[in-house]
Number of protein chains: 2
Amino acid sequence: MAAASSVLHQVPIALGDRSYSIAIGAGLIGDPASWSAAPAAAHGVIVSNTTVAPLYARQLQAAIAPRHQQLHLVVLPDGEVHKTWATLNLIFDALLGHGCDRKTVIYALGGGVVGDMAGFAAACYMRGVPFVQVPTTLLAQVDSSVGGKTGINHPLGKNMIGAFYQPRLVVCDLDVLRTLPPREFSAGLAEVIKYGPIADTSFLDWIESHIEALMRRDTDALAHAVRRSCEIKAAVVGEDERESGLRAVLNFGHTFGHAIEAGLGYGAWLHGEAVGCGMVMAMELSRRLGLLDRAWVQRVTSLLRRAGLPTVGPALGADRYLQLMRVDKKAEAGEIRFVLIERPGLAVVRSAPDALVREVIADCCRPA
Amino acid sequence: MAAASSVLHQVPIALGDRSYSIAIGAGLIGDPASWSAAPAAAHGVIVSNTTVAPLYARQLQAAIAPRHQQLHLVVLPDGEVHKTWATLNLIFDALLGHGCDRKTVIYALGGGVVGDMAGFAAACYMRGVPFVQVPTTLLAQVDSSVGGKTGINHPLGKNMIGAFYQPRLVVCDLDVLRTLPPREFSAGLAEVIKYGPIADTSFLDWIESHIEALMRRDTDALAHAVRRSCEIKAAVVGEDERESGLRAVLNFGHTFGHAIEAGLGYGAWLHGEAVGCGMVMAMELSRRLGLLDRAWVQRVTSLLRRAGLPTVGPALGADRYLQLMRVDKKAEAGEIRFVLIERPGLAVVRSAPDALVREVIADCCRPA
């Protein structure tokens, strides 16, 4: 708390009366000034998990204490396997047990799983209370900070139950990334790299030339990576808040990625690892459709590898991959919709022949 | 199906890009023309319950069959006690089990409980799919048709988990009210009568002079009652879709009413019965605050009695009433907010001294 705090970037998210701002900087969590844009209310509730709460909950509590008469902490079990109704209900039990009213502010302190669940709880509790995102993983900072997607998993599919619900404020404290395990950090880089192929080749160039700085978690490099990722995502989401069209391009790598996660059981691979590998598969499918050349696919694949990510898919077998992808939310009447790269920097959503998808799986994954 | 169908009234609900229309008439469910404003999609899912499905599901299926390649029926157990996550999950299981995509149309065929759960499932499934309300109780036709409130109960409070989510279309078929048990019909009349004290004394006059016609379920009288109720509610909701202020007046009778329902256990009294009795208590509280005279309170109480409703509250004891009312969604920082009648035709939301509330409970309820 004695450490100097500095906001390096502010990214405004323009969504009419649901607009908010993302603060990116160092030493932000423990600084009371970071929270001035959040509503004051009788009750504040920090939702975190068993890994993050011991590290940062006390700092956050001290910083927001002046804003609430009562402050509660809900600690969830950590991990994607717990992104279920049963865990979500722990939040509702606490909110009702403490007599929290409809002005209660929920602070999501953790990675994507905590953010998705705390956000969904905020969307549903008394049909909606304000919430604030405090993402503590790189993946959450560059992905779930923008877009308002919240939700839980169902045994038959990931993120199948949820809501679009915007936070009032997002605070990305880069200091917290120092305690992130290497695998989690790399998983976050997968989503950073994603924004290159789908939207901005000059950002891809920048990542390539700063991958060493990013890997050693240099604050200025991280600040730029988080800022540019949020800006690109914000531009896409601003045009299509409820994912009727354009926004689907953000799911580049996610169709194959979700199949990997569901096929291995949630939690075996990290979400970002599955997405990184899914990007390789989606690029390979784009190449086979004549959209990309081999050198460019290899260039991005190599960058993913330098970011510490797996680039060969697990051996689920083509039938299982196809079956899992048919329940993807983008699927329409059973037809799988892929996010493909039409040319570097431009994504497109389209279907592809099953035979070609099977070739990609044979080529990019371990043999079944 | 051979019966002539006729739309007697259309009530437009103006909510910007979430606007929709309520059709009120006879023979509507079985007429394919009734559904032309609903989206066509590969999958259609009728959500109903064990009481309503045997009566009307086949009619509805036949009428909407041309609009969907696959039509599924989900039959839930009947009753407020089943308005839980476990029952809601039956809908998600069916949607995912049938491979329903994000364009799937959900039809809620039943009373308020079915509408609230099917609507909440539609709000959450893949973060939102279109839904159509087919309310089969008077209460659902005059209350849940307008306003977009959806949700489920939590052991610690009614409707604590939910969403604001608008239907694409509401079809109120008055013919279905003929099969409604007398208690349920009376419960619906409680919400019709409610609109008089809070908004329209001439409508209250009309109800008084048509209460016999309504009690014998005369189609024209019902058509007017449903229409006028929906119009009044639409005017209120149109000004305050997310219940930040004005809309709370629609909860007249609900603060005491929810305490009755929760105190006796959901399902012991019907929601409308509890609300009717809650209205008597809220009027009595208004009278003790000097807002209403005794004659007017007696006049409305007598009308509720002629509508077949209980007007004396159960013996929960004042402490329990107060405890239950403090978790009401309108409560702020533990202070109960009551919807009171400032003068006939005008409601106001305010708090009241506990001592006065205790007097009302002593006066309006059976001794504890």
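Two residues are taken to be in contact when their C-beta atoms, placed from the backbone, lie within 7 Å. With that in mind, this predicted model can be read through its two domains, since the domain assignment of chain A gives domain 1, spanning 6-179, and domain 2, spanning 182-364. The C-alpha centres of these two domains of chain A are 25 Å apart, and where the domains meet, 31 residues of domain 1 of chain A are in contact with 30 residues of domain 2 of chain A.

On the side of domain 1 of chain A that touches domain 2 of chain A, the elements giving two or more residues are the strands β1 (6-13), β2 (20-26) and β8 (157-164), together with the helix α4 (138-144), of chain A. Of these elements, α4(A) provides the largest share of that side, with 5 residues. Sorted by class, the residues on this side of domain 1 of chain A comprise 18 nonpolar, 9 polar and 4 charged.

A second contact to follow is the one between two helices of chain A, α5 (residues 182-199) and α6 (residues 201-215), whose axes come within 7 Å and cross at roughly 150°. Angles over 145 degrees count as roughly antiparallel, and α5(A) is therefore roughly antiparallel to α6(A). From α5(A), the residues L189(A), V192(A), I193(A), Y195(A), G196(A) and P197(A) take part, and they meet T201(A), F203(A), L204(A), I207(A) and L214(A) of α6(A). By class, this contact of α5(A) with α6(A) has 9 nonpolar and 2 polar residues, and no charged ones.

Terms used
Residues are numbered from 1 along each chain as its sequence is written. Chains are lettered from A and ligands numbered from 1 in the order in which they are written. This is a predicted model: local features need pLDDT of at least 70, side-chain atom pairs count only at pLDDT 80 or more; totals for chains, interfaces and linings use all residues. Domain bounds come from an automatic or database domain assignment. Helices (H or I, at least four residues) and strands (E, at least two) are DSSP runs, numbered from the N terminus. Ala, Val, Leu, Ile, Met, Phe, Trp, Tyr, Cys and Pro count as nonpolar, Asp, Glu, Lys and Arg as charged, and the others, Gly among them, as polar. Axes are lines fitted to C-alpha atoms, for helices over the stretch in contact, and angles run from 0 to 180 degrees between N-to-C directions. Angles under 35 degrees count as roughly parallel, over 145 as roughly antiparallel, 65 to 115 as roughly perpendicular and the rest as oblique.
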